[in-house]
Amino acid sequence: MQPPLLMVPQQNAPEAIAPAPAYYAPAPAQATVELGDLGRILLRRRFLILLTVALLTAVTLVYTMLTPALYSSTAQIIIDPQDLQVVTNDVNPSRISPDGGITQVESQVSVAQSNSVLLRAIAATDLTHNPEFNGQGVLDRWLGTVFGSDDGDRTAETLDALRRRLAVKRDDKVLVLNIIVTAKSADLAAKLANAIAQAYLDDQAAARSKAAADASDAISARLEDQRKRVEQAANAVETYKAEHNMVMAAGNLVSDQELTDLNTQLTAAQTRTAQLKAQVDQLRRQGSAPDATSEAMRSPVIASLRAQEATLVDQMSQFGTALGPRHPSMISAQQQLSDLRKLISRELGRLVAAAETDYERALANQKELEAKMVSLKGKSLDTDQASVKLRELQRDLDAVRTVYANYLQRAQETREQTNVNSTNARIISQAMPALKKSWPPKGLLVFGAIFGGLALGIGMALIAEYLSPTVLSSNQMQSAIEAPVLGVLPGRGRRRSGAAAQKTDAVAGLALQRIAAATRRPPDWPLVPSILVASPPEDKAQRSRVAWQLANAAAARGRRVLFIDINAGKGQKDPQPGVLDVLRGEYPLEAVSRYAPGSSVALVGRGRPTAVFQEAQALYFAHRMLAEANHNFELVVVDGGALADDLNVLPLVAMADEILLVARLNATPLRDVASTSEAVSVMGRLPTGAMLVDEAA
């Protein structure tokens with residue numbers, strides 16, 4: 001339940017007194033910012049942004065004027081992952097990775113920046129005596145002149161300075177290294193870039209030569225051990241053969257060769273014996289007709305005798321026909337034929353005897369060979385058992401000989417590789433002195449400073465807004481006080497045209513209509529409708545203007561308006577009676593109200609704050625004042641001032657139908673709005689609406 005009004009003297013209290021609303025804790029002010037509010041934030045804090053841009057640009061210009069000019073030169077090296085194939089068995093075999101060698105070339109970026117490469121370039125260009133790189137500035141040289149020169153080694157300082165001025169990059173999708181050197185002199189930058197590129201190639205060649213030399217030395221160190229192993233294995237073979245009486249000829253044992261030859265001879269002898277035996281058997285089977293054998297047919301003697309026999313037979317046939325059987329010629333021919341046939345028989349017998357003699361001789365030879373074979377086989381069994389160990393020793397000898405030969409060949413190859421550069425890399429673009437300085441890029445830096453200053457200024461503006469948020473929009477104001485914004489009035493900073501004045505009147509009239517539509521008053525309510533306008537202290541002018549604009553807008557629409565200005569006459573030594581006098585019951589309302597010249601709006605000032613009235617009494621007289629005003633006026637507009645600074649307004653706050661807060665867009669801090677809303681809440685009410693003033697409109 002809402003608490004009753006503060007105690008009022010009952011003998012003077014009217015029949016109906018409005019209950020005082022309960023106190024509500026104000027909602028905390030929300031600093032939410034919408035996208036459309038950013039423009040207003042930046043416009044309001046434009047001087048901070050412009051100052052930031054100006055300062056950053058000025059610092060950049062000073063930097064570009066004071067910074068010494070630097071020049072950059074670039075040398076390009078192309079690297080083929082597939083090295084030159086000089087020899088078959090290279091110490092540094094090249095295998096292209098699955099990515100086409102990109103990873104291999106990428107690793108060369110670090111090699112090009114390594115100490116060994118840079119030290120080569122420093123030595124080639126005598127860079128340790130260059131003041132730009134050796135760390136000896138003007139002051140150092142002057143001190144060295146005064147107190148004695150410092151001729152110490154400056155290699156470390158030079159190396160560090162060169163590394164800071166060096167950039168090695170690989171172009172995308174290609175196998176090219178860009179060696180970029182920056183120096184104060186264009187000629188020096190080009191000279192250093194070319195020196196580093198050449199130092200990289202020399203370093204790669206030296207590294208490969210050293211690798212080949214190390215491999216050759218390692219292999220050569222093993223050659224003596226391998227040679228000794230070969231000698232030991234060969235001595236073991238010869239010693240074993242001597243111990244077992246194993247004579248070798250053409251890589252084979254003599255006993256094995258003899259056995260093989262004897263076996264061949266025995267086979268031939270057996271074949272010969274079998275052939276002769278078959279021949280003798282055939283001759284024996286022919287018996288009475290040995291002349292039918294193949295040996296007789298092949299014998300030239302038998303053939304000659306057979307030819308003579310045929311001739312004699314032919315002659316005898318001629319003699320028998322011509323001379324008769326008893327002719328001497330016939331008898332002589334017969335005798336010759338008989339002798340010739342005896343010769344043939346004796347020759348055939350001789351062939352049979354010769355065949356038998358050959359067979360017996362072949363059989364004897366076969367038996368002799370068989371006896372030798374049996375003897376050699378016995379010896380071979382003993383030799384074979386010894387040959388098992390000999391073959392094992394021979395295999396060891398062959399293995400160590402092969403290893404030794406490979407070592408010897410590899411040592412020769414690696415020794416030759418020390419003098420051959422197989423690196424497949426070359427300089428494709430020599431560095432040239434730059435025609436334009438690379439640093440500082442004045443235009444780019446100024447351009448960046450301007451946009452960087454804008455970004456920094458905008459960021460600082462947003463941070464400042466976050467730290468001290470202001471009213472940016474109607475939605476933000478509505479969220480802060482949890483009440484609707486009835487309108488936005490244009491400011492008075494510029495000369496207003498007639499159209500602008502009409503717009504202001506229209507906004508005020510629309511606000512009055514919204515208030516009337518939202519007000520829920522009983523038909524017989526005895527108090528005149530009232531609107532109290534409040535604001536933070538810094539918005540005094542805007543609050544007075546809004547309150548007066550509402551009163552004029554109501555008067556322009558034919559309504560009788562009473563305007564109470566709680567600040568009128570404040571601070572005067574002898575002010576006219578006003579609303580404070582009415583709240584103390586010293587004056588009636590008619591006695592303190594007056595009409596403004598040329599206006600239909602009645603005015604009531606602050607009055608005399610000579611005596612302090614009690615709250616209960618003030619509430620009663622405030623109620624009576626509004627009841628009296630109901631007879632002569634249709635609307636009361638109260639300029640309540642800054643509620644947090646003036647508690648005398650409490651009775652008017654308690655009796656007002658509508659409480660409007662006024663704030664300036666992009667100017668009034670949200671904390672001041674929250675303080676004013678909290679003051680209204682402390683007085684037992686809540687804001688029912690707000691009016692905003694846009695000074696930029």
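Reader: Two strands pair if DSSP finds at least two bridges between them, so which residue of β14 stands opposite V488?

Author: That one is L692. The parallel pairing of β7 with β14 (residues 689–694) runs over 5 bridges. Strands (E, at least two residues) and helices (H or I, at least four) are DSSP runs, numbered from the N terminus.

Reader: Before I go on, what kind of model is this?

Author: This is a predicted model, where local features need pLDDT of at least 70 and side-chain atom pairs count only at pLDDT 80 or more, while totals for chains, interfaces and linings use all residues. Residues are numbered from 1 along each chain as its sequence is written, and side-chain values use heavy atoms, with hydrogens and water left out.

Reader: Thanks! What is the strand order in the open sheet?

Author: The 8 strands go β7-β14-β13-β8-β12-β9-β11-β10, with mixed pairing. β7 (485–490) and β10 (594–595) each have a single partner strand because they stand at the edges, leaving one side of each without a neighbour in the sheet.

Reader: And how many residues of β7 are buried?

Author: 5 of its 6 residues are buried, so β7 is largely enclosed by the rest of the structure. Buried means under 20% relative accessible area, exposed means over 50%, and partly exposed is in between (1.4 Å probe, protein chains only).

Reader: How do β8 and β12 run, parallel or antiparallel?

Author: They run parallel, with 5 bridges joining β8 (residues 530–534) to β12 (residues 635–641). Look for L532, which has V638 of β12 opposite.

Reader: Which helix lies across β8 and β13?

Author: That is helix α20 (residues 670–682), which runs at about 165° to β13 (658–664). The angle is between N-to-C directions, on a scale from 0 to 180 degrees, with axes fitted to C-alpha atoms, for helices over the stretch in contact.

Reader: I also clicked on R543. What does R543 touch?

Author: Leaving out residues up to four places away in sequence, its contacts (heavy atoms within 4.5 Å) include V533, A534, D639, G641 and V662. R543 is part of helix α15 (residues 540–556), and at 2% relative accessibility R543 counts as buried.

Reader: Let's switch to β3. Which strands pair with β3?

Author: β1 (residues 71–79) pairs with β3 in the antiparallel sense over 8 bridges, and β2 (residues 166–170) also pairs with β3 in the antiparallel sense, over 5 bridges. For landmarks, Y71 stands opposite A183, and K169 has N178 as its bridge partner. In β3 (residues 176–183), 7 of the 8 residues are buried, so the strand is largely enclosed by the rest of the structure.

Reader: What about the hairpin of β2 and β3, which residue takes a positive phi there?

Author: K173 does, with a phi near 65°, and the hairpin has 5 residues between the strands.

Reader: Now charges! How many salt bridges does the structure hold?

Author: There are 18, each being a side-chain nitrogen of Lys or Arg within 4 Å of a carboxyl oxygen of Asp or Glu. One of them joins R165 and E132 at 2.8 Å, N to O. That pair links distant parts of the chain, 33 residues apart: R165 is in the loop between α6 (155–164) and β2, and E132 is in the loop between α4 (115–125) and α5 (138–147).

Reader: Which residue forms a salt bridge with E231?

Author: R227 does, with the closest N and O atoms 2.4 Å apart. Both sit in helix α7 (residues 186–243), 4 residues apart, or about one turn of the helix. E231 is partly exposed at 40% relative accessibility, and R227 is partly exposed at 30%.

Reader: And what is the distance for E628 and R624?

Author: Their side chains meet at 3.7 Å, N to O. Both are in helix α18 (residues 615–632), separated by about one helical turn because they are 4 residues apart.

Reader: Last one: which residues form the nonpolar patch on the surface?

Author: L38, L444, F447, I450, F451, L454, I458 and L462, with about 680 Å² of accessible area together (Shrake-Rupley method, 1.4 Å probe). Patch residues have over 30% relative accessible area and no salt bridge; nonpolar side chains (Val, Leu, Ile, Met, Phe, Trp, Tyr) are joined within 5 Å, like charges within 9 Å. Helix α12 (residues 442–467) gives the largest share, 7 residues. I450 lies in that helix and is partly exposed, at 34% relative accessible area.

Terms used
Two strands pair if DSSP finds at least two bridges between them.
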